[in-house]
Amino acid sequence: MNGGEADGNIPHGALLANFAEAVVSGDPAELRDVRTGIVNTLGAEALVDSAAVVGLFNAIDRVADAIGIPLEDWKAESTTDMREAIGVTAFPSGRG
Amino acid sequence: MPATWYVNAPFPVREDIRQAHAAAWDRIARPGTWLTGAQRVAIAAETRHARTACALCKARKEALSPSSVDGAHDTKSDLPAAQVEAIHRIATDPGRLTESWQNGLGLDESVYVETVGVIAQLTAIDTFASGLGEPWRTLPEPVSGEPTRRVTPGAKHGLAWVATLDPADAEGEDEGLYPSGRPPANIRRAMSLVPNEVRGFFNLVEVQYLPGPAMNDFDNEYRAITHAQIELLAGRVSAINQCAY
């Protein structure tokens with residue numbers, strides 16, 4: 001899956017997914033382009049808020065995986081279809 | 001203290017983020033519960049080094065299995081080898097960590113959890129800066145002093161790879177660690193063996209994501225992006241990191 005296909009029917013979803021991908025993968029040229037795209041489309045405040053969310057979840061993933069916490073039962077049940085669809089259950093941390 | 005944070009950033013940064021990041025930097029520099037300020041700053045430096053300069057981490061990341069690649073980490077600290085291994089793997093390949101790997105480190109559980117806490121706060125701040133096109137901020141000078149060495153009474157094994165504090169056991173100094181009126185998400189319990197790491201990290205959660213009451217208030221928006229856009233970003237990051245939580 002790449003960010004361009006993963007808009008989830010959410011306004012500007014593909015652009016935001018591409019931003020997440022560019023920040024986490026650290027591609028400077030791609031990041032420059034998509035950063036400009038967000039500012040031009042959603043505004044500078046949206047860029048700051050998007051960077052904040054990406055930064056936080058890049059950290060939360062490390063906490064979750066380093067501590068080995070399980071997904072809450074209610075979350076697992078309510079997101080079964082979505083997790084299957086995006087392949088999360090194939091991840092090492094998703095097999096428990 | 002936050003006066004110098006993001007003053008030259010190309011985009012205006014919210015005051016609550018500036019405050020929270022300045023406070024996190026201060027926490028990293030000061031003695032913690034089990035680690036000195038010098039050890040905490042060394043963990044932060046080692047985290048950055050792992051991301052940018054460790055050939056072993058790069059080779060392991062590209063391998064089908066990280067355990068198939070032998071070698072030594074390129075390190076820039078005097079931290080114990082087990083702690084260096086923990087830092088490098090958490091920083092560069094968190095999606096393939098296992099309970100047997102964590103147990104095999106032989107690190108004291110509380111030291112391990114505090115190490116995770118420092119890595120997490122640094123990661124949240126550095127990744128935010130990268131998103132804005134800002135350089136990573138120079139690490140703080142360590143503050144001298146001794147860790148509190150406060151044991152967390154009531155922490156038990158069962159939920160995760162390390163002991164955690166059940167809400168029912170959060171008493172005394174730990175009362176108020178969790179929100180009242182609803183069970184905490186497991187991510188909030190994750191680092192509860194060292195409660196100050198929970199408090200510090202969730203100070204960042206409130207400003208970089210949403211405050212607790214706003215998370216499920218879908219009738220109102222609190223940021224320049226919607227709840228749905230926030231969740232899309234969060235989900236995409238977790239998919240990239242191969243994190244199932």
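Biologist: Where in chain B is B:Val162 found?
Modeller: Helices (H or I, at least four residues) and strands (E, at least two) are DSSP runs, numbered from the N terminus. In those terms, B:Val162 is in the loop between helix H6 (109–132) and helix H7 (186–189) of chain B. This is a predicted model, where local features need pLDDT of at least 70, side-chain atom pairs count only at pLDDT 80 or more, and totals for chains, interfaces and linings use all residues. Residues are numbered from 1 along each chain as its sequence is written, and chains are lettered from A and ligands numbered from 1 in the order in which they are written.

Biologist: Is B:Val162 buried or exposed?
Modeller: A residue is buried if 20 or more other C-beta atoms, placed from the backbone, lie within 10 Å of its own, exposed if 12 or fewer, and partly exposed in between. B:Val162 has 25 C-beta neighbours inside 10 Å, so the class is buried.

Biologist: Which residue of chain A does B:Val162 touch?
Modeller: Two residues are in contact if their C-beta atoms, placed from the backbone, lie within 7 Å. Not counting residues up to four places away in sequence, B:Val162 touches B:Glu109, B:Tyr112, B:Val113 and B:Leu193, and from chain A, A:Ile67.

Biologist: What separates the C-alpha atoms of B:Val162 and B:Val113?
Modeller: Along the chain these two residues are 49 residues apart. Their C-alpha atoms are separated by 8.1 Å.

Biologist: Which element gives the largest share of the side of chain A that touches chain B?
Modeller: The contact takes 50 residues from chain A and 56 residues from chain B. On the chain A side, the elements giving two or more residues are helix H1 (13–25) and helix H3 (44–67). The largest share, 24 residues, comes from H3(A).

Biologist: Why do H1(A) and H3(A) count as oblique?
Modeller: Axes are lines fitted to C-alpha atoms, for helices over the stretch in contact, and angles run from 0 to 180 degrees between N-to-C directions. H1(A) and H3(A) pack with axes 10 Å apart, at an angle of about 55°. Angles under 35 degrees count as roughly parallel, over 145 as roughly antiparallel, 65 to 115 as roughly perpendicular and the rest as oblique. The angle therefore makes H1(A) to H3(A) oblique.

Biologist: Which residues of H3(A) make the contact with H1(A)?
Modeller: From H1(A) come A:Leu16, A:Phe19, A:Ala20, A:Val23 and A:Val24. The H3(A) residues are A:Ser50, A:Val54 and A:Asn58.

Biologist: What is phi of A:His12?
Modeller: Most residues other than glycine have a negative phi. A:His12 lies in the segment before H1 of chain A and is buried, because 20 other C-beta atoms are within 10 Å. Its phi is positive, near 60°.

Biologist: Is B:Arg149 buried or exposed?
Modeller: B:Arg149 is in the loop between H6 and H7 of chain B, and has a positive phi of about 55° although it is not a glycine. With 10 C-beta neighbours inside 10 Å, B:Arg149 is exposed.
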